[in-house]
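Biologist: Let's go through this model by question and answer. Keep it short and give the cut-offs.

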Amino acid sequence: NYTPLYIGKTGSPRKRWLQGHLPRLRAAAGKPGKGNYGKWVNALRTKEDTIYLVCLHESEITTPPIPSFPKTVGSVEYQLISLANDAHPGRLLNYEGVAR
């Protein structure tokens, strides 16, 4: 039973995490609670379970999460964010795809 904290798309997960998210998380570690990455730091520090980073290549997307919806990478990202927010309101660290 997993609770998603972040859902995102990228052409290069390695670059996105090693050159983007991880350096920003390290920088925010000294000032938790400030900005989006501060929220991530707080969420990661208070998480009692094991944290998993799951990456899929877009070629692995064979069906949309919501039947009859498009299965393009961007559409699937929005569908997953919306579903995760419905299942775990307020837990997701990003909000694209969530009705505002």
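**Contacts, helices and surface**

Biologist: How many salt bridges does a search of the whole structure find?

Modeller: This is a predicted model: local features need pLDDT of at least 70, side-chain atom pairs count only at pLDDT 80 or more, and totals for chains, interfaces and linings use all residues. Residues are numbered from 1 along each chain as its sequence is written, and side-chain values use heavy atoms, with hydrogens and water left out. A salt bridge needs a side-chain nitrogen of Lys or Arg within 4 Å of a carboxyl oxygen of Asp or Glu. Searching the whole structure on that rule gives one.

Biologist: Which residue forms a salt bridge with Lys-47?

Modeller: Lys-47 is partly exposed because its relative accessible area is 21%; buried means under 20%, exposed over 50%, and partly exposed in between (1.4 Å probe, protein chains only). The closest N and O atoms are 3.7 Å apart, and the partner is Asp-49.

Biologist: What pattern does the chain follow along the sequence?

Modeller: Helices (H or I, at least four residues) and strands (E, at least two) are DSSP runs, numbered from the N terminus. The chain has three helices and zero strands. Read in sequence order, the pattern is α-α-α.

Biologist: Against which helix do the buried residues of H2 pack?

Modeller: The buried set in H2 is Tyr-37, Gly-38, Trp-40, Val-41 and Ala-43. Contact means heavy atoms within 4.5 Å. These buried residues pack against H1.

Biologist: How many aromatic pairs does the count come to?

Modeller: Rings of Phe, Tyr and Trp (its six-membered ring) pair if their centres lie within 6.5 Å. Planes under 30 degrees apart count as stacked, over 60 as edge-to-face and the rest as tilted. By this rule the count is five.

Biologist: How many residues apart are Tyr-2 and Tyr-52?

Modeller: Tyr-2 and Tyr-52 form an edge-to-face pair, 5.4 Å centre to centre with 80 degrees between the planes. Tyr-2 sits in the segment before helix H1 (13–28) and Tyr-52 in the loop between H2 and H3. The pair links distant parts of the chain, and the separation is 50 residues.

Biologist: Is Tyr-2 buried or exposed?

Modeller: The cut-off decides this. Tyr-2 has 61% relative accessibility, so Tyr-2 counts as exposed.

Biologist: How many residues apart in sequence are the parts that Trp-17 and Trp-40 tie together?

Modeller: Trp-17 and Trp-40 form a tilted pair, 6.0 Å centre to centre and 35 degrees between the planes. Trp-17 lies in helix H1 and Trp-40 in helix H2, so the parts tied together are apart in sequence by 23 residues.

Biologist: Which residues do ring pairs link into a cluster?

Modeller: Trp-17 and Trp-40 are both buried. Ring pairs join them with two tyrosines, and the cluster is Tyr-6, Trp-17, Tyr-37 and Trp-40.

Biologist: What is the area of the nonpolar surface patch with Tyr-52?

Modeller: Patches are made of residues with over 30% relative accessible area and no salt bridge; like charges are joined within 9 Å, nonpolar side chains (Val, Leu, Ile, Met, Phe, Trp, Tyr) within 5 Å. Areas come from the Shrake-Rupley method with a 1.4 Å probe; for residues, only the protein chains shown count as cover. Tyr-52 counts as exposed because its relative accessibility is 54%. Tyr-2, Tyr-52, Val-54 and Leu-56 make the patch, of about 540 Å².

Biologist: Which residues is Gln-79 in contact with, leaving aside its neighbours within four places in sequence?

Modeller: Gln-79 lies in helix H3. Its relative accessible area is 4%, so Gln-79 is buried. With those neighbours set aside, the contacts of Gln-79 are Pro-64, Pro-65, Ile-66, Phe-69 and Pro-70.

Biologist: Which residue has a positive phi although it is not a glycine?

Modeller: Look in the loop between H2 and H3. The phi there is about 75 degrees, and the residue is Ser-68.

Biologist: What percentage of the residues of the chain count as buried?

Modeller: The C-alpha trace spans about 45 × 30 × 25 Å along its principal axes. The accessible surface comes to about 7,400 Å², with 53% belonging to carbon and sulfur atoms. Of the 100 residues, the buried share is 22%.
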